[in-house]
Amino acid sequence: MTGVNGTASLSGRVALVTGAADGLGFATAAELGRAAATVLVHGRTQLKAERAVQRLAEMPHSQAGRYIPVYAELSSGSELRDLASNVRELTPDGLHVLINNAGAQFSERRLTVDGLEMTTAVVHVAAAALSRLLIGHLRKGAATAGAPSQVINVTSINERFGRPVTDWSYATGYGQVRAYSNAKLMALAYTYGLARRIDENEVTVSAADPGAVFTDFGRKAGGSAGRMNRLLRPVAPLLIASPERAARRSVMLAVAPGNARRTGAFYARGARRTSSRRSREKPVIDRVYALTEERLAELGF
């Protein structure tokens with residue numbers, strides 16, 4: 001069954017996309033709507049989420065879907081809990097797709113109220129916490145749909161340069177790219193660890209690498225990412241994928257109904273592929289998973 005323009009139909013499916021106010025997340029929400037899904041569009045603030053929903057509703061190829069704004073500052077534990085509660089209230093029959101897309105980089109070290117470095121908190125901890133908070137609701141969605149629900153974590157080529165670290169506050173040795181790469185590596189390793197521990201008949205867990213995408217992410221991050229953004233901006237349309245193309249070639253591939261039962265999969269460049277060797281090493285996966293579970297418990301998740 002297909003929707004508009006040959007897109008596989010997701011009619012009856014409900015998806016939550018974090019970081020969907022702009023960039024790749026916005027493009028992903030648009031593609032989901034184009035496939036007739038109901039999309040919970042997350043933004044950091046209510047205003048950003050509502051503006052994104054308005055833009056999505058006005059796009060001619062995305063009007064098959066339904067869009068609902070939700071908001072939370074993902075570095076805040078209390079707001080993450082409120083977001084999960086709101087999602088459960090808005091979707092009484094369960095959630096079918098959770099796309100942890102939100103990311104962040106910072107030119108200088110910043111800490112959350114819980115003492116976590118901000119990049120680590122948004123890229124890794126928030127995604128793991130939201131998956132945990134909504135796992136029961138994802139299972140409910142699977143029961144009502146008669147097919148597994150999906151958790152899809154958006155990763156990055158930067159994971160290939162990352163290392164698993166134990167100091168998530170970066171008391172020493174903070175670097176913008178280092179923190180981002182480490183967070184992406186740990187998030188991916190945790191993805192594999194979670195996939196091994198959840199019944200794949202209820203919920204599958206996979207990762208999607210959109211590749212090089214030109215958005216305002218780098219400009220907003222500042223520092224080295226901002227300088228790279230300014231350098232590439234004149235040639236970006238020729239050399240780097242648009243958010244729309246990247247969403248179709250990675251995230252939507254992972255969402256595709258035919259891939260719903262493929263837990264622990266990694267998608268990139270339009271196909272199922274293999275992530276870095278480090279991200280797939282069992283000792284790394286087990287160490288990151290155990291440490292993440294420990295931190296989540298400490299934070300009350």
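Lys184 is placed in helix α5 (residues 176-197); helices are DSSP runs of H or I with at least four residues, strands are runs of E with at least two, and both are numbered from the N terminus. The model is predicted, with local features requiring pLDDT of at least 70 and side-chain atom pairs pLDDT 80 or more, while totals for chains, interfaces and linings use all residues. Residues are numbered from 1 along each chain as its sequence is written, and side-chain values use heavy atoms, without hydrogens and water.

With a relative accessibility of 5%, Lys184 counts as buried (under 20% relative accessible area, 1.4 Å probe, protein chains only). A polar atom of the Lys184 side chain lies 2.8 Å from the backbone oxygen of Val154. Residues up to four places away in sequence aside, Lys184 touches Val123, Val154, Thr155, Ser156 and Glu159 (contact: heavy atoms within 4.5 Å). The C-alpha atoms of Lys184 and Gly103 are 9.2 Å apart, at a separation of 81 residues along the chain.

His42, in strand β2 (residues 38-43), is buried at 1% relative accessible area. Its side chain reaches the backbone oxygen of Ala72 at 2.9 Å. Other residues touched by His42 include Leu16, Val70, Tyr71 and Leu83.

The axes of helices α4 (residues 118-145) and α11 (residues 282-298) come within 11 Å and cross at roughly 75°; axes are lines fitted to C-alpha atoms over the stretch in contact, with angles from 0 to 180 degrees between N-to-C directions. Helix α4 is therefore roughly perpendicular to α11 (65 to 115 degrees). His124, Val125, Ala128, Ala129 and Arg132 of α4 meet Val288, Thr292, Glu293, Leu296 and Ala297 of α11.

Terms used:
Angles under 35 degrees count as roughly parallel, over 145 as roughly antiparallel, 65 to 115 as roughly perpendicular and the rest as oblique. Buried means under 20% relative accessible area, exposed over 50%, partly exposed in between (1.4 Å probe, protein chains only). A polar contact is a pair of N or O atoms within 3.5 Å; within protein, one must be able to donate a hydrogen and the other to accept it, and residues adjacent in sequence count only if both atoms are side-chain atoms.
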